[in-house]
Amino acid sequence: MHRGWLTRRGWIVTTLSLLALMVVPAPPVSANPVVEPVAADPSVVRADDGMYYMYTTADDWGDGKGMRNMSMFKSFDLMDWMYVGDVFPELPGWHPEGKLAWAPNVLESGGGYSLYYSLYDETNPCIGLAAAPGPTGPWTDLGRPVFCAQDVGIEGTIDPFVWDDGASKTMVVGNFRGIYAIPLDGEGAAPVGEPVQIADDRFEGPFIAFRNGYYHLFLSAGNCCNGGDTAYRVVVGRSRSLTGPYLDRKGQDLNEGGGALILAGSDPWAGPGHNTVVTDDAGNDWIVYHAIPRDDITLPSGAQRREGMIDRIVWADDWPDVGDGSPSSTRPQLPDTDLPVRVSLTADDSTTLPENGGTIAATMVVTAPEDQPYVGQVWASVTSPDGGISDPILGPIDVDLAPGEVYEEPISYTVPADAPNGTYDVYAFAGTFDTETVEFGALNGVKSGLQMTDVAKRVSPVVWRDGA
């Protein structure tokens, strides 16, 4: 469920929010989705600061703020994400008016970050590139395509994934016209070799993970965006070579109808796909992807709701498995992250408020790790739709917890009838007030109309300062 931005004193949180807090022993954070209301085609990278960063396709969240041109989120635990802005607040000069960026792929490169993206066109789709010194930018666009379909002689050149082995870069790309591996120059800014087809025209959204001598090619098949009827799903093949051949469990080539199914829709969720794979602090792998809630398919903007999801990958004989093969089926397993304390907010009731406002109550729960105490402060504040940030609505309160000890505190926040409609974020923080945040929990909601859900947010140690 999306979650907001933070900056020192004003944690510029921004996505869903509103709320309050009330008492209930908070269970472990286990509810999918992990990003709402939309996080299509996620790409996740872990930065030098220890945080995970997620980048998603351009979308209108339906919160009155219009299109966001590739949104950025950050998290310490892969479960709870904070919105930190958009890659392109303004269109790069070479982008046609109205053409927004899709399907980002981000990697650390040359001491900075490279972000490849799709710029769709029915006859000549292109791949773009932006670079930044840090994971949240500022992003400087290359000013031209890396290539377009007609430049490389293949169709369907969207959904880039770049493999960088330190000596060379190869882009894997394709959208139902075949999946191709294309060598890039040393800067990763232009093609320098002939495309090699590695999978047939049933697929899009390639991602490659390397494990025990095998390149594992994850692909999405089916229509991503046919609402509750979409048959989007994830299949896998593996190869000893980056350029294939990629075979499934039965030995069938993905260029010839093969593909081992690992993730498909369920009664609650339609169309899981376009994934990335990330690793937690214990070395466990997790698949991050989007899926459509069948009971809430369309955003208020009219766009399809593709929410951010996460599930555990278990490797057996060097093949990936995901629970029973459906979204959320690996719960209650959660990523293993090293946190000095856990903070969560659990709402007692709906976090959607009517036009005339109201109060939401919830409980802040602070839990020390089983093997160490936690000494610090806790507090809470609210961010409103107009960007205003409240003084603390709770605390700061000093806490001194023994290993495994739990501290609970009820919190409430009232939104008056004349307050702006839109999203509100309530955050509960742990750390040292106004200087260091080591963890936080969040509840998200909306005044007037939009359906939102509550979220618990947990983060590892980090110091927030102006401009962070």
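Me: What pattern do the disulfides of the protein chain follow in this model?
Reply: With bonded cysteines counted along the chain, the pattern is 1-2, 3-4. Keep in mind that this is a predicted model.

Me: Why is the link of C126 and C148 called a disulfide?
Reply: The S to S distance is 1.9 Å, and the cut-off is within 2.5 Å, so the pair qualifies. C224 and C225 pass too, with S to S at 2.1 Å. By that rule the count is two disulfides.

Me: What makes the C126 and C148 pair a link between distant parts of the chain?
Reply: The two cysteines are 22 residues apart, with C126 in strand β9 (residues 126–132) and C148 in strand β11 (residues 147–148).

Me: And how do you know the handedness of each disulfide?
Reply: Look at the torsion about the S-S bond. For C126 and C148 that torsion is about 95°, so the disulfide is right-handed. For C224 and C225 the value is -85°, and that link is left-handed.

Me: Why is C126 called buried?
Reply: Buried takes under 20% relative accessible area, and C126 has 9% relative accessibility, so C126 counts as buried. C148 has 7%, so C148 is buried as well.

Me: Then how are C224 and C225 classed, buried or partly exposed?
Reply: One of each. C224 comes in at 16%, under the 20% limit, so C224 is buried. C225 has 36%, which falls between 20% and 50%, so C225 is partly exposed.

Me: What makes G93 exposed?
Reply: Exposed takes over 50%, and the relative accessible area of G93 is 82%, so G93 is exposed. You'll find G93 in the loop between β6 (82–86) and β7 (102–109).

Me: Why are β1 and β6 called edge strands?
Reply: Each has a single partner strand, so one side of β1 (43–46) and one side of β6 are left without a neighbour in the sheet. That open sheet is antiparallel, in the order β1-β2-β5-β6. Neighbouring strands in it are turned by 25° against each other on average, direction ignored.

Me: What makes β2 and β5 a pair?
Reply: Pairing takes at least two bridges. Strand β2 (residues 52–55) and strand β5 (residues 71–75) have four, in the antiparallel sense, so they count as paired. In that pair, Y52 stands opposite S75 in β5.

Me: How do you know that β21 is mostly covered?
Reply: In strand β21 (residues 285–293), nine of the nine residues are buried. D285, I287, Y289, A291 and P293 point one way, while W286, V288, H290 and I292 point the other way, and all of them are buried.

Me: Which strands does β21 pair with?
Reply: With strand β20 (residues 269–279), antiparallel over seven bridges, and with strand β22 (residues 307–316), also antiparallel, through seven bridges. T279 stands opposite D285 in β21, and the bridge partner of W286 in β22 is R312.

Me: Which residues touch the most other members of the largest nonpolar core?
Reply: I208, L217, F218, L219, Y246 and I262, in a core of 34 residues. Strand β17 (residues 214–221) gives the largest share, five residues. I208 also stands opposite L217 in β17, where β16 and β17 pair antiparallel over seven bridges.

Key
Residues are numbered from 1 along each chain as its sequence is written. This is a predicted model: local features need pLDDT of at least 70, side-chain atom pairs count only at pLDDT 80 or more; totals for chains, interfaces and linings use all residues. Side-chain values use heavy atoms; hydrogens and water are left out. A nonpolar core is a set of buried Ala, Val, Leu, Ile, Met, Phe, Trp, Tyr and Cys residues joined through side-chain atoms within 4.5 Å. Buried means under 20% relative accessible area, exposed over 50%, partly exposed in between (1.4 Å probe, protein chains only). Axes are lines fitted to C-alpha atoms, for helices over the stretch in contact, and angles run from 0 to 180 degrees between N-to-C directions.
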